[in-house]
Amino acid sequence: MITFQYKALDKSGRQTKGIVQAMDEFEAVRRIRENCPVITEIKEVKDKSGSIFTRDLGSGKIREKELAVMCSQFSIMLKSGIPISRAVHMIARQTEDKQLKKALSSAGEDVEQGSMLATALERNCKGFPVTFLETLRAGEQSGTIEQSFERLHLYYEKSYKNNEKIKSALGYPIFVVIVAIVVLIIVMVKVIPALAGAFTDLGGNLPLLTQLLIGISNFFQKAWPFMAIIAVVIILAIQLYKRTDKGALALARLSLKLPVIGKINVLNGAAQFADTMSAMIASGLPVNKAIEVTANVFSNIAMAEDVRSMVPKIEAGRTLGASMRETTSFPDNLKEMCAIGEESGALDETLDTVGEYYHNEADNAMKKVISKLEPTLLICLALFAGFIVIAIYLPMFTMYDLM
């Protein structure tokens, strides 16, 4: 709902002012004139939720888990015959996410005033993904909103579970690396300087391995400010380059060509394309509109540009398969399966199967990387720890002779 502030003359001719909520200015004028025939001024009250002091913490994109649960609730309620406006208010009361609760409550009022649900949700919260809104809008237009919510539930549940798998797989290696860095800093900053001072006071000659360790420690102690500055400059330069259209596209293409990570990125992109297109087409969207929405979903700009380039070709009468064959970011199997699904008339089902295949492929590729990464980290840590232990214990025998 939009809030309007107005000044008007009531039926007795007295000046009055107030605020009213309506879907648009015409609706606001109609509601005001029920009590005040003459309106002297009306203006929209600007939303100040963007202020850091007034906006809800954590506002922004709505989490996939919350979307999956909400879509499941909508699907069950609408299939049970509950009106949309009532279902919106019921789900708003059950939702724990403050941002989603606020959006649903406001959207419920808009729906009661005659607004479409997709339009009401889009108006009251900018955090809904374009995939969600377009699928829902297509379902409302075709009269299959229950099925749209069911498909969205499966889509976001699958996406959430896959993301959780990736986070879980990367958790242990990241933890090991962080611990190794902390131990390295403590050893280099505290242990090695104290050891070097003890040997210097005793006047002994240190073994070459120990001298090397002390030299590395001294280098890091003196050079760490410069190294930190260089790291910050490199990060800032990459971020600034990434903000340019040319830089963002170049980095996106590079991420698809990296030795190991590149393959995983391509597989995830293929799965994302298949899942999104399947949901869009099953909801009744034409292929060109489904392609346009899918392009907006990608986080990788190179893949998004590849998908977006297919829109004018499809609108010109070319098939999806033929348009996909001219892209460079997607696997050949995906292109061929899209062509086969289009020819057979079961494109949404084919894409759903292909999406599951590429999710499994990406999951297996990630597991292989993790299975190789963990022993590699352990070997590196063992070599590093062994080097430090030997470098510290070798001069111990000399120290006893000097004491």
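**Reading cores and helix faces in a predicted model**

A: Let's start at one residue: S278 has its place in helix 10, where helices (H or I, at least four residues) and strands (E, at least two) are DSSP runs, numbered from the N terminus. This is a predicted model, in which local features need pLDDT of at least 70 and side-chain atom pairs count only at pLDDT 80 or more, while totals for chains, interfaces and linings use all residues. Residues are numbered from 1 along each chain as its sequence is written, and side-chain values use heavy atoms, with hydrogens and water left out.

Q: Is S278 buried or exposed?

A: Buried means under 20% relative accessible area, exposed over 50%, and partly exposed in between (1.4 Å probe, protein chains only). S278 has 9% relative accessibility, so it counts as buried. Across the protein, buried residues make up 37% of the 403 residues.

Q: Which residues is S278 in contact with, leaving aside its neighbours within four places in sequence?

A: Contact means heavy atoms within 4.5 Å. By that rule, S278 touches D348, L351 and D352. A polar atom of the S278 side chain also lies 3.0 Å from the backbone oxygen of D348.

Q: Which residues touch the most other members of the largest nonpolar core?

A: A nonpolar core is a set of buried Ala, Val, Leu, Ile, Met, Phe, Trp, Tyr and Cys residues joined through side-chain atoms within 4.5 Å. Here the largest has 39 residues, and F273, I291, L320 and L334 touch the most other members. Helix 10 (261-282) and helix 16 (347-402) are among the helices that each supply at least two residues. The largest share, 10 residues, comes from helix 10. Beyond its neighbours within four places in sequence, F273 is in contact with residues including I291, F298, L334 and L351.

Q: What about a second core?

A: There is a separate one of 32 residues, including L78, M90, I145 and Y156.

Q: How far apart in space are L184 and F384?

A: Their C-alpha atoms are 9.2 Å apart, although 200 residues separate them in sequence. L184 lies in helix 7 (residues 145-202) and is partly exposed, with a relative accessible area of 30%.

Note on methods: Polar contact = N/O pair within 3.5 Å; in protein donor to acceptor, adjacent residues only side chain to side chain.
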